[in-house]
Structures are given as C-alpha cells and as structure tokens.
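Here are my notes for a colleague opening this model.

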Amino acid sequence: MEWKGGRRSGNIEDRRGLGPVGIAGGGIGAIVLAAIGYFVFGIDPQTTMQATQQLQPAQQEGARGEVSDRDGQFVDVIETSNREVWAPILAREGVDYRRPEAIVLYKQATGTGCGTGQSAMGPFYCPADQKVYLDLSFWRELESRFGAKGEFARAYVISHEIGHHVQHLLGADQQARRMGARGEESGSVRLELQADCYAGVWAAHANEASGGRIVINRGDIQDGLGAAAAVGDDTIQNRTQGQVVPDSFTHGTSVQRMRWFSRGYDQGDPSACDTFSAANL
C-alpha cells in the first residue's frame, strides 16, 4: 500500500504523552470487562462502562493537529482519505458528511464520552463524542494475535471505525440497537458487517479520491480480507473457548466479514451495504 503522499488534515488528538488516566477502584471484574475487545467482540463501550461503575475516567485533552511520527501520520492520511471518499458520496444523497470530531491516539487508558477506554478493548468509535479511539499498540496485536499483517489491514481497521461514524450520521446505530445486541441476525452483527462493507467502499474509491496519492492494489485487499477473517466471531470463539456459540455473535463470522468487505470494494456503492434489509448475511 502506498500512502506517504496522501493528504493529511491534522484531525488528530494525540494523548500519548499524557499517560493513562487515573482509574478508581478496579478488581478482577473490571479487568475482565475491559479485556473484552470492542473491535473484536462488538460490545458497545457505553454498555461496558455503565456495567463497570468503579472505572472513573479523568478528563483529558491531548494536543490537536498534525503529528510527526510515522504511525500517527498513517492514521492522519487514512482519516483524511475517508473524508475525501465519503463527503462526495453522501453529498449525492443530500447528507452533509461531518468528519469525526477527532481520531484520538492514546496509551493504555483514556477518558471518553462513553466511559474509560482501555487498550485491551481494541479500536472503537464512541457515538457520544463522535471520536475514534486508537491505542496504536493494537497494530502489534493485530499481527501477533490475529495474524493480520500489512498496512492495509491497519487501514481497514481505521476505516471500519470511521464506517461506524458514517452509520451514526445516517442513524444506523439507532436502528441496530432496536434489533438487539447478540445473535446471528442481531442488530450488532448487521451494524458491524455494514461497517466492514463501508471499509470496502472506502478502499474502492481511495485511489481516485486521493488523486493517485494513495495506491491500493489487489495484494492489499487480500491483507484486508485476512484481517476481516481473523476477527470473525466464529474464529475468535474457536481460538479462545474451543467452540462456536452463534447466539453470542456480535460481529458476524469470518466468511460474512470477508463477504461484506468484498461487496463494498467490488461495488463501491454504500447502497450495496444494506445489511439491515439483507435476508442472508
């Protein structure tokens, strides 16, 4: 994946130098809840934090603007590219694309509009403050734990979370909540598969929207498919508990995640990402 020539807009809030927030209380229950990855398992961070009352997030505000390190610049380029792709697409539907309030980079733990975000939760989008939260140590876990390698796998993760922001603008997250949080046909699964599809839509248009500054090739798409497969509910459950329990699905199977990402990439049209009306996911 070529991205270094991509435009950057500085919609970054860098909290990495602030250190983790102070957390009152704790205990094994809080540790277990915090260790349930939002990106992987699909638990709304608001739900997790409400259930873990002893976690008290401190208010933090990081430096805003462009960052100098390579990883931070990569995040900036991918967020800017998503804006370049989504603004004209939504404009054609009469919707104003308001970018996320910020992409927040942090280490270990940080306060969010949804409660205390912790690195063990993985990347997540908080609809309450419309920010995406990333502890960049997740990149290492993505490779070592899930076997998802390549920079495009990282871009897929970022674009998936920005896909949640697009859903928030369109009201899909509210629709998902009405359909339930767990199960093969749940609103959570449909929401996550649609975000995968939206990540594919971004990938389909990124080259053109960037004026050739970003180049995504078929090998990169294979890396994205590998990442989607690695974080399917069935794959995760097999790895962690030795059995698959469809009633507890929150993100969809590996096959479903790959299928919807591919659908978005192949068609390049968000209308093809209507998982909520799909009879077969």
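1. Aspartate 196 and arginine 257 are both buried, where buried means under 20% relative accessible area, exposed over 50% and partly exposed in between (1.4 Å probe, protein chains only). Their side chains meet in a salt bridge, 2.7 Å from N to O. A salt bridge here is a side-chain nitrogen of Lys or Arg within 4 Å of a carboxyl oxygen of Asp or Glu. The pair links distant parts of the chain: aspartate 196 sits in helix α8 (residues 187-209) and arginine 257 in helix α11 (residues 254-267), 61 residues apart. Helices (H or I, at least four residues) and strands (E, at least two) are DSSP runs, numbered from the N terminus.

2. This is a predicted model: local features need pLDDT of at least 70 and side-chain atom pairs count only at pLDDT 80 or more, while totals for chains, interfaces and linings use all residues. Residues are numbered from 1 along each chain as its sequence is written, and side-chain values use heavy atoms, with hydrogens and water left out.

3. Helix α11 also holds aspartate 266, whose partner is arginine 218 in helix α9 (residues 218-230), 48 residues away. Aspartate 266 is exposed, at 53% relative accessible area.

4. How many salt bridges does the structure hold? The count is 15. One of them joins glutamate 13 to lysine 131, with the closest N and O atoms 3.0 Å apart. This pair, too, links distant parts of the chain: strand β1 (residues 12-14) holds glutamate 13, strand β7 (residues 131-134) holds lysine 131, and 118 residues separate the two. Glutamate 13 counts as buried because its relative accessibility is 0%. Lysine 131 is buried as well, at 12%.

5. Shared partners extend that pair. Salt bridges join Glu13, Arg15, Glu61, Arg64 and Lys131 into one network.

6. Now the nonpolar packing. A nonpolar core is a set of buried Ala, Val, Leu, Ile, Met, Phe, Trp, Tyr and Cys residues joined through side-chain atoms within 4.5 Å. The largest one has 57 residues. Val75, Trp86, Phe152, Tyr156 and Trp202 have the most contacts inside it. Among the elements giving it two or more residues are α4 (70-91), α6 (151-170), α8, α9 and α11.

7. Look at phenylalanine 152. Beyond its neighbours within four places in sequence, its contacts (heavy atoms within 4.5 Å) include Met1, Trp202, Ile216, Ile221 and Phe261.

8. A second, separate core has 8 residues, including Tyr106, Cys114, Met121 and Phe124.
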